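Q: Hey, could you walk me through some of the contacts and surface spots in this one?

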Amino acid sequence: MPVKRLGAGTRRKAIIAAATKLAQRHGYTNITREAVAVEAACSPATVSVYFPLFGDVKRMVLKEAIATSNLTILAQGLAARDRVELRAPDELKKKAIATLF
């Protein structure tokens, strides 16, 4: 079966979507480059091409969580004291924290 080539923007979005799905399923702090690659149907090297620092993937996951009000991932980012999550709107942070109790 031929490998389907994705455009740069599409591949980047697929990697972020895969990482977000994994963060939702296994926890924000537990996502890895290898797991994201499997979920995004690409190689770990491809993930590295688009995100040389894996921390950039995690930051994009947190930005996506803020944009979509994903309280589960937001709460995990807050618990990890991630600086992206700490800049989330206060009301959103309160809702995310409430999911922990």
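Q: Is Glu39 buried, exposed or partly exposed?
A: This is a predicted model, and in it Glu39 counts as partly exposed, at 29% relative accessibility.

Q: Which residue does Glu39 form a salt bridge with?
A: Lys21 forms a salt bridge with Glu39, and the closest N and O atoms are 3.2 Å apart. Lys21 lies in helix 1 (residues 8–26) and Glu39 in helix 2 (residues 33–39), so the pair ties together parts that are 18 residues apart in sequence. Lys21 is partly exposed too, with a relative accessible area of 45%.

Q: OK, and how many salt bridges does the structure hold?
A: There are 4 salt bridges. One of them joins Lys93 and Asp90, at 3.4 Å from N to O.

Q: Where do Lys93 and Asp90 lie?
A: Both are in helix 7, 3 residues apart, which is about one turn of the helix. Lys93 counts as buried because its relative accessibility is 17%, under the 20% cut-off. Asp90, at 53%, counts as exposed.

Q: Which residues do salt bridges with shared partners join into one network?
A: That would be Lys21, Arg25 and Glu39.

Q: Switching topic: which residues make the nonpolar surface patch?
A: Ile97, Leu100 and Phe101 make it, and the patch is about 380 Å².

Q: Where is Phe101 found, then?
A: Phe101 sits in the segment after helix 7 (90–98).

Q: And why does Phe101 count as exposed?
A: Because its relative accessibility is 83%, and exposed means over 50%.

Note on methods:
Residues numbered from 1 in each chain as written. Predicted model: local features only at pLDDT ≥ 70, side-chain atom pairs only at ≥ 80, totals over all residues. Heavy atoms only, no water. Patch = residues over 30% accessible without salt bridge, like charges linked within 9 Å, V, L, I, M, F, W, Y side chains within 5 Å. Areas by Shrake-Rupley, 256 points an atom, 1.4 Å probe, with all protein chains shown as cover. Salt bridge = Lys/Arg side-chain N within 4 Å of Asp/Glu carboxyl O. Helix = DSSP H or I, 4+ residues; strand = E, 2+ residues; numbered from the N terminus. Buried < 20%, exposed > 50% of the residue type's maximum accessible area, 1.4 Å probe, protein only.
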